[in-house]
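Could you walk me through this model in my viewer, one selection at a time? Please tell me what to pick next and what I will find there.

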Amino acid sequence: DAFAYAHKEVGARNFLNDPGTWELLDRVAAIANPLGLNLLPEIHASYVEKIYDKLASKGYMVYDFFLPGLIIDAMERRNGEHLKRWLDEIVAKKIQTVNMLGCHDGIPLLDLKGLLDEKSITELIDTVVSRGGYVKNLHGQKNVYYQVNATYYSALGEDDRKLVLARAIQMFMPGKPQVWYLDLFAGKNDFEAMRRAGKDGHKEINRTNLSPEDVTECLQRQVVLDQLKLLRMRNSFRIFSHEANISAESVGSRLTVWWHSEDSTARLTVDFADTSFLIIIQDGKGTDEKFRFEQK
């Protein structure tokens, strides 16, 4: 967690000291590797700084902090071009990612600099804030975007179709999916929790405590059942493995993602114009359909 702040050195800045940060990370790796543990350092930095690239080149897993904003951007502009470009880079560089939609901290925005232009990032912030999100600026600087605190469901305008589509895209992105519990249950911005927490309690907007009764009630909602079906798909079919070949195509409002292996193929076809999508998993010959999920 926040590993870039771990290494301290008198007279140096308090973030990602080089080479100190990397030397410390290597020391931790020397302990973890013999135990069969994989390290996942949480380091937030803008895309243009290529810190994620450096982490990956050193053999570490990387948090995909770009995906949450890219999906919202794709839905707002009704075009998956930026998503495809990022997917292509992950595949080409063989970056081992852990991806997400929302998380306990909010929706990352600082990370998007260089991947999206400033105007697009500003529009993205304005959109999420207009839907009840709370802007957190880095070190009080208004010109430095850090994150927007909001549930992912509220960031999508509390639209069930958009949330299920976002989950489907996450399931087809390279990497290991991570699921924030409140996203799964289509949680809304919790302004009352923010109020109770007082000053600096903005993160409570996306940390609602759910009772067993809340969970039972949520499990009756179609938006939750659809997400569970997608999660079971990702866990059940061998096509979703490191050995699969992943490719994508973006044309207008349509995005298609394929996973290929010798014995099967999985295809996601999205139309951002109406948030429809179709998932089909077939055998290698394309004759036997093993799984189908459609949002018309």
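A residue counts as exposed when its relative accessible area is over 50%, and as buried when that area is under 20%. Keep in mind during the tour that this is a predicted model.

**Stop one: Lys 94.** Select Lys 94, in the loop that runs between helix 4 (81-93) and strand 2 (97-99). Its relative accessibility is 68%, so Lys 94 counts as exposed. Now look at the backbone: phi of Lys 94 is near 55°, a positive value in a residue other than glycine. Most residues other than glycine have a negative phi.

**Stop two: Thr 275.** Next, go to the loop between strand 9 (264-271) and strand 10 (276-283), where you will find Thr 275. Phi of Thr 275 is also positive, near 55°. Is Thr 275 buried or exposed? Thr 275 counts as buried because its relative accessibility is 11%.

**Stop three: Asp 18 and Pro 19.** Move on to the segment before helix 1, which holds Pro 19. Select Asp 18 along with Pro 19 and check the bond that joins them: this peptide bond is cis, with omega about 15°. Most peptide bonds are trans.

Leu 35 sits in the loop between helix 1 (20-32) and helix 2 (51-57). With 61% relative accessibility, Leu 35 is above the 50% cut-off and therefore counts as exposed.

Notes:
Residues are numbered from 1 along each chain as its sequence is written. This is a predicted model: local features need pLDDT of at least 70, side-chain atom pairs count only at pLDDT 80 or more; totals for chains, interfaces and linings use all residues. Side-chain values use heavy atoms; hydrogens and water are left out. Helices (H or I, at least four residues) and strands (E, at least two) are DSSP runs, numbered from the N terminus. Buried means under 20% relative accessible area, exposed over 50%, partly exposed in between (1.4 Å probe, protein chains only).
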